[in-house]
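Dear colleague,

I am handing over the structure below, and after it I describe what was found there. Please keep it open beside this message while you read.

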Amino acid sequence: MAAPVRNHKPKDLKYVLLRLGKYLWAFKWRLIGILILTIISNVLALIGPTISGEAVDEISVVLDGGTIDFKVIYRCIIIMIICYTLSAVMSFFISRMMINVSRKISFKMRDDVFNKLVDLPVAFYDKTQTGDVISRISYDIDSINTSLSSDLIQICSSIITVIGSLVMMIKISPLLVLIFAFTIPMSIFITTKLARKTKPLFRARNRQLGNLNAFVEEMFSGHKTIKSYHQEATTIEEFDLVNETTVGASYEAEYYGSTIGPSVNLVNNISLALISMFGAILYFYGLTLGKIQSFVLYSRKFSGPINEFANIISDLQSASAAAERVFRLIDQEKEASDS
């Protein structure tokens, strides 16, 4: 029976990244192309708030008794449509390309795992349950595939958006940016604290899923023996125990993993409230309505990726735990050749 969930040590993240890097290196040119398209797509999306602010400033001249120049409004609308459309089209192709890369990496991993299984000594199968091996080939590699196809793109986009938004906010109002000196450390603290707690939990969940698969495979393969010795009730009791342990491990991992996003989102909403309050004060000292709106939009773009990153941390933890299990299997010593 597996050890209690809390007794598992954190995974070796450095080992996982080095092993995974070898698979990614085979597609380095495609990944470079994806990175370039990601930068262009996010830069185009970052142009929108500035143009929107210009449109608001043009409309706000009515407050001073001026006349709206609709040519400026139409120009702003056309530019925003073009930028957001091109950004969306590029995002579509980025997703298609990344899915293709992750699918080929998953294929290569399964091929490596199967080739390793053929070369492993009999002693390995004596101490390793079949269901656990099947779980690594199917569930664990599927987790890696899902993470590669979506999480990597989100992380790259988040970094570009955060840096670009910060530069634009400093350009608009350095004073309002000081608000993030309070909220960002709070978000980092919450994310780090919860991530440290979820690391061993996701590793324990994946291990327990392997135990469950192994138990089910063993019971089905020995079904005739169980029937012959009338051990149905005992088998059901054992399954209930393994199943309950698996549910507990999964619940605890998902529970703590799901608290990261809402916690960071609360800090982001506090940040937005402070920006609105101090922005209203700075309006009386020359900050225009359009710049305030642009700053608010950039602040959402700035805090949004941080919240998204917090939400995908649980997926990254699960994928890292799965990758470690797969790589540990691939790195097993194969059977020595006959003399």
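A residue is called buried when its relative accessible area is under 20%, exposed when that area is over 50%, and partly exposed in between. Please bear in mind that this is a predicted model.

By that scale K227 is partly exposed, because its relative accessibility is 44%, and its side chain meets that of E232 in a salt bridge with an N to O distance of 3.5 Å. E232 also counts as partly exposed, at 28%.

The structure holds eight salt bridges, and another of them joins D331 to R19 at 3.0 Å, N to O. This pair links distant parts of the chain, since R19 lies in helix α1 and D331 in the segment after α11, 312 residues apart. R19 is buried at 12%, whereas D331 is partly exposed at 37%. In helix α3, by contrast, D112 and K108 are four residues apart, about one turn of the helix, and their side chains meet at 2.8 Å, N to O.

On the surface, E218, E237, E238, D240 and E244 gather in a patch of negative charge, to which helix α9 gives the most, with four residues. E218 is found in helix α7 and is partly exposed, at 41%.

Finally, how many disulfides are there? The count comes to zero. The sulfur of C76 is 11 Å from the closest cysteine sulfur, in C83, so the two are too far apart for a bond, given that a disulfide needs sulfur atoms within 2.5 Å. Both C76, at 0%, and C83, at 9%, are buried.

With best wishes

How values were computed
Residues are numbered from 1 along each chain as its sequence is written. This is a predicted model: local features need pLDDT of at least 70, side-chain atom pairs count only at pLDDT 80 or more; totals for chains, interfaces and linings use all residues. Side-chain values use heavy atoms; hydrogens and water are left out. Patches are made of residues with over 30% relative accessible area and no salt bridge: like charges are joined within 9 Å, nonpolar side chains (Val, Leu, Ile, Met, Phe, Trp, Tyr) within 5 Å. Accessible areas come from the Shrake-Rupley method with a 1.4 Å probe; for residues, only the protein chains shown count as cover. A salt bridge is a side-chain nitrogen of Lys or Arg within 4 Å of a carboxyl oxygen of Asp or Glu. Lys and Arg count as positive and Asp and Glu as negative; His and the chain ends are not counted. The place of a charge is taken as NZ of Lys, CZ of Arg, CG of Asp or CD of Glu. Helices (H or I, at least four residues) and strands (E, at least two) are DSSP runs, numbered from the N terminus. Buried means under 20% relative accessible area, exposed over 50%, partly exposed in between (1.4 Å probe, protein chains only).
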